[in-house]
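Please look over the sequence and the model below.

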Amino acid sequence: MQVLLDLIARHRQGHASGVTSICSAHPIVIEASLRHAQRTGQALVLFEATCNQVNQDGGYTGMTPADFVDFVHAIADRVGFERARIALGGDHLGPNPWTSLDAAAAMDKAEVMVAAYVAAGFRKIHLDCSMACSGDPQPLPEAEIVRRAVRLCRAAEAAHARADGEAPVYVIGTEVPVPGGATESIDGLAVTTPQAALATIEAHRQAFMAAGLDAAWQRVIASVVQPGVEFDHHSVVDYEPQKAHGLSRAITDVPGMVFEAHSTDYQTRDALGALVRDHFAILKVGPGLTFALREALWALDAIEQEWIDETRRAHLRDVVLARMREQPGYWQRYYHSQGHALTVDLQYSLSDRIRYYWPDPVIEQACQRLFDNLRANPPPIPLISQFLPHALHALRTGIATRDPLSLTMAHIRAALDDYHHACHDHDTH
């Protein structure tokens with residue numbers, strides 16, 4: 001993780017440098033990110049998996065940490081992207097997947113998970129024990145959150161001692177709400193106070209020192225805070241620098257650390273740049289990229305309706321909606337609308353619960369048929385212009401082709417362009 005440590009050091013020296021943390025397990029998003037990095041010459045691409053996506057029990061992707069590493073590396077090898085330029089992180093690593101268990105059992109499983117992440121090669125570890133387990137008081141007292149984080153750091157350090165290689169770096173703290181975006185209204189979103197941010201860092205520092213984890217503390221690179229950015233199903237809270245001014249300044253007195261901002265999805269290019277400038281130097285993005293993926297696939301579906309004979313169409317959108325209604329487990333606790341409003345949420349909610357359904361075999365088959373149709377009959381420029389203008393620009397400038405996968409990745413890369421601009425193109429001097 002030396003590249004990441006160097007980036008943090010550069011930021012601390014006054015350069016508005018940052019890093020995009022791509023939190024997605026979709027192969028097209030992964031490939032688009034790697035090809036974007038190739039084109040822009042990035043020294044590092046950071047992919048992160050959450051505790052719910054990937055764990056020793058498989059998570060909702062069915063992948064263990066070792067599986068996820070193999071998955072990302074296989075795509076990189078196919079693309080021709082050097083594995084050494086890929087950094088892997090574990091997000092919200094803690095008892096969250098097992099909060100129905102009592103704390104002792106949940107933390108035992110969390111220890112196994114963190115060790116598995118480190119053993120597999122993940123080197124950016126977010127220690128997050130903020131969630132209450134069965135029988136815990138709610139909210140969980142910060143002292144207990146810190147105690148559990150120290151326990152997981154000890155497990156990670158032990159796993160690294162067995163695995164060798166570069167030592168892991170750590171992120172502490174958490175944001176409210178939990179990962180994946182807000183599920184209710186986000187009116188009245190509160191920015192973390194400078195006092196609370198510094199108190200969290202100091203509590204962790206003291207606990208690490210007391211546990212003999214001095215060396216590990218030197219590798220704590222960031223703390224997660226709420227700078228005032230969030231999204232729910234239909235709206236986005238945009239970053240307002242003046243509201244986070246005190247919080248931004250607070251981290252400048254903490255050696256070797258920056259802030260990590262979650263839920264930066266759907267922020268404007270200027271807002272992302274302002275976040276990095278204001279020391280929220282690690283920008284997490286996940287649903288925003290799979291939302292762009294869905295936009296592209298729906299656009300290709302619309303092109304198919306205009307271009308391909310009715311008897312051969314894949315009807316991807318209809319297939320996806322049918323499968324989501326047949327298997328509502330991934331969305332029914334989050335979407336409370338009915339009728340047509342529910343149909344809108346299933347497709348267009350910014351929380352993008354649709355991302356959980358792309359691995360469904362029936363949906364994969366429909367997606368493949370859509371791609372096959374448009375490969376056999378490449379769409380003309382006017383249709384690409386109508387439905388995929390970002391991809392058309394990439395096509396006209398030689399970055400993309402009329403292949404449907406290429407057009408899809410070009411649309412995703414347009415979202416990544418904003419993050420790259422924010423993380424690489426500015427200087428505070």
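Is C153 buried or exposed? C153 counts as buried, at 0% relative accessibility. Buried means under 20% relative accessible area, exposed means over 50%, and partly exposed lies in between (1.4 Å probe, protein chains only).

## About the model

This is a predicted model, where local features need pLDDT of at least 70, side-chain atom pairs count only at pLDDT 80 or more, and totals for chains, interfaces and linings use all residues. Residues are numbered from 1 along each chain as its sequence is written, and side-chain values use heavy atoms, with hydrogens and water left out.

## Cysteines

The structure holds zero disulfides. Here a disulfide is a pair of cysteine sulfur atoms within 2.5 Å. C133 is in no disulfide, and its nearest cysteine sulfur, that of C129, is 8.4 Å away. C133 counts as buried, at 4% relative accessibility. C153 is in no disulfide either. The nearest cysteine sulfur to C153 is that of C129, 11 Å away.

## Two helices

Helices (H or I, at least four residues) and strands (E, at least two) are DSSP runs, numbered from the N terminus. Helix α2 covers residues 27–40 and has 14 residues. From first C-alpha to last, α2 reaches 20 Å, close to the 20 Å expected at 1.5 Å a residue. That expected span is 1.5 Å times one less than the number of residues. The buried residues of α2 include I28, V29, I30 and L34. What covers the buried residues of α2 includes β1, β2, α3, β3, α10 and α16, where contact means heavy atoms within 4.5 Å. After α2 comes G41, with a positive phi near 70°.

Helix α12 spans residues 339–348. Its buried residues are L342, T343, D345, L346 and Q347. Their cover includes α10 and α11.

## Rings

Rings of Phe, Tyr and Trp (its six-membered ring) pair if their centres lie within 6.5 Å; planes under 30 degrees apart count as stacked, over 60 as edge-to-face and the rest as tilted. The count comes to 13 aromatic pairs. One of them is the tilted pair of F68 and F71, 6.0 Å centre to centre with 45° between the planes. F68 and F71 are separated by about one helical turn, because they are three residues apart in helix α3.

F259 and F280 are stacked, 5.4 Å centre to centre with 20° between the planes. This pair links distant parts of the chain: F259 is in strand β9 and F280 in strand β10, 21 residues apart. Both F259 and F280 are buried.
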